[in-house]
Amino acid sequence: MDAEGMLEGLLAESQECALDELPALVGAHAARVGLTDAWIYLADLQRAVLRPLPRRAGATAADGDLDDSLGMDSTLAGRAFRNEELLAGPTAAVTEAAGEPPGPDQGPGWLWIPLVAGAERLGVLRVTAHAPLDDAGRATAGRLASFVALLLVSRRRHSDNYARLLRSRDMSLAAELQWTLMPPPALVTDTVTVAAVLEPAYEVGGDAFDFALDGPLMHLSILDALGHDLASGLVSSIALASYRNNRLRGAGLADISAAIDDAVAAQFDQTRFVTGILARLNTDTGGLTWVSRGHPPPLIIRQGRWVIQLECEPASPMGLALGDRPTVYEDQLEPGDRLLCYTDGIIDARSPEGELFGLDRFTDFIVRREADGLGAQETLRRLVNTVLEHQKGSLQDDATVLLAEWRPGADERPEP
């Protein structure tokens with residue numbers, strides 16, 4: 001198998017390749033290692049379905065034989081995405097209910113390979129293998145998918161088709177603004193994994209999150225602006241921009257929150273405000289520093305079963321210009337701890353019968369999914385589905401969770 005030649009050729013020809021031309025280009029070069037009929041499927045914004053990136057005008061994922069969208073929880077493609085593993089099967093219609101799919105040593109068939117860039121799950125690559133794959137062949141298929149994922153990331157900001165495929169319906173103006181400003185939903189290093197989720201994805205108003213790595217420091221923030229309209233989106237956008245601007249200047253957490261307070265008050269004349277948690281995690285030592293501006297305190301899941309609610313006296317929300325200065329709190333994480341920051345839209349989610357989702361149900365869900373061995377992104381995807389089911393598919397408030405897992409000295413890179 002000419003694996004190196006495949007990747008070198010793909011790299012050379014991809015330099016001037018538009019996103020829409022990528023599936024055909026990948027297919028042409030994958031044929032050098034016996035993998036043909038390449039299709040790229042992208043996960044939608046809510047991670048509910050996988051949609052194919054068209055290879056040519058008017059084409060469908062199986063030349064018209066199959067529906068373009070593949071369910072995340074009912075197909076082999078979705079299983080490959082959820083579990084981040086290469087799977088083989090005869091057709092896209094194979095479901096989990098049908099039992100274990102045939103392995104790659106059982107003859108030709110489709111391979112479903114997860115597309116992961118860094119830690120961010122983008123979708124799956126489908127190719128046809130015309131001969132059984134050994135370990136080297138599986139490794140080659142994985143390398144191809146990793147390279148395709150990087151190509152997708154490098155081109156998506158300039159492609160309307162990419163953005164359109166991720167949407168199941170029209171997006172509000174406030175949500176358009178928020179998603180443009182927020183980072184990709186996951187980041188992983190050899191010591192820390194961070195993932196975030198936000199709902200309702202297409203109508204988000206005031207919630208936002210941010211995280212970034214600066215040497216050993218992982219910067220984390222979660223924001224919740226008053227209201228659910230465009231003005232709320234503007235408030236959280238101003239807060240997010242001020243947070244980054246002052247963070248990059250090297251300001252401390254208390255000063256950053258004061259700057260956000262001033263920025264929001266100046267634009268909205270103290271008629272709007274935003275609550276938030278601003279935090280810094282030292283990924284070398286596990287030292288956590290944080291401030292609360294009128295926001296629910298963070299939680300720690302320890303040893304997969306103990307729930308610790310960090311104590312604080314929150315300062316006033318940002319934007320009211322009351323002049324109080326927040327206390328900077330310090331805590332020490334233990335290896336394996338999961339830090340949870342969330343907005344009240346999670347615990348205050350109410351069923352049609354009036355039952356709150358609640359803090360206990362929230363933490364119990366996270367603990368159980370950790371016991372199941374799920375990574376951070378899959379845990380949060382399932383959490384949102386559960387909250388939506390609790391409210392019969394309609395959230396009354398934005399619901400956002402930011403999860404950071406500290407695993408220093410791990411023998412293997414943590415699962416995202």
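Reply: A residue is called buried under 20% relative accessible area, exposed over 50%, and partly exposed in between (1.4 Å probe, protein chains only). The model here is predicted: local features need pLDDT of at least 70, side-chain atom pairs count only at pLDDT 80 or more, and totals for chains, interfaces and linings use all residues. Residues are numbered from 1 along each chain as its sequence is written, and side-chain values use heavy atoms, leaving out hydrogens and water.

Me: Is leucine 230 buried, exposed or partly exposed?

Reply: Leucine 230 has a relative accessible area of 39%, so it is partly exposed. Leucine 230 lies in helix H7 (residues 230–248); helices (H or I, at least four residues) and strands (E, at least two) are DSSP runs, numbered from the N terminus.

Me: Where is leucine 11, and how is its accessibility read?

Reply: Leucine 11 belongs to helix H1 (residues 3–14). Its relative accessible area is 42%, so leucine 11 is partly exposed. Leucine 151 is 140 residues from leucine 11 along the chain, and their C-alpha atoms are separated by 9.0 Å.

Me: What does alanine 265 touch?

Reply: Contact means heavy atoms within 4.5 Å. Not counting residues up to four places away in sequence, alanine 265 touches Gln270, Gly319 and Ala321. Alanine 265 sits in helix H8 (residues 253–268) and, with 12% relative accessibility, counts as buried. Between alanine 265 and valine 235, 30 residues apart in sequence, the C-alpha to C-alpha separation is 9.5 Å.

Me: What is the order of the strands in the open sheet of 6 strands?

Reply: Two strands pair if DSSP finds at least two bridges between them. The order of this sheet is S3-S2-S1-S6-S5-S4, with antiparallel pairing. Strand S3 (70–71) and strand S4 (87–89) are its edges, each pairing on one side only. Strand S1 (residues 35–43) and strand S2 (residues 49–53) are antiparallel and joined by 4 bridges. Leucine 42 has arginine 51, in S2, as its bridge partner.

Me: Which residues cover the two faces of S16?

Reply: On one side are Arg338, Leu340 and Tyr342, on the other Leu339 and Cys341, all buried. Strand S16 (residues 338–342) is thus mostly covered, with 5 of its 5 residues buried.

Me: Which strands are joined to S16 by bridges?

Reply: Strand S13 (residues 299–302) is joined to S16 by 3 bridges and runs antiparallel to S16. Strand S17 (residues 399–406) is also antiparallel to S16, with 5 bridges. Arginine 338 is the bridge partner of isoleucine 301, and glutamate 405 in S17 is the bridge partner of arginine 338.
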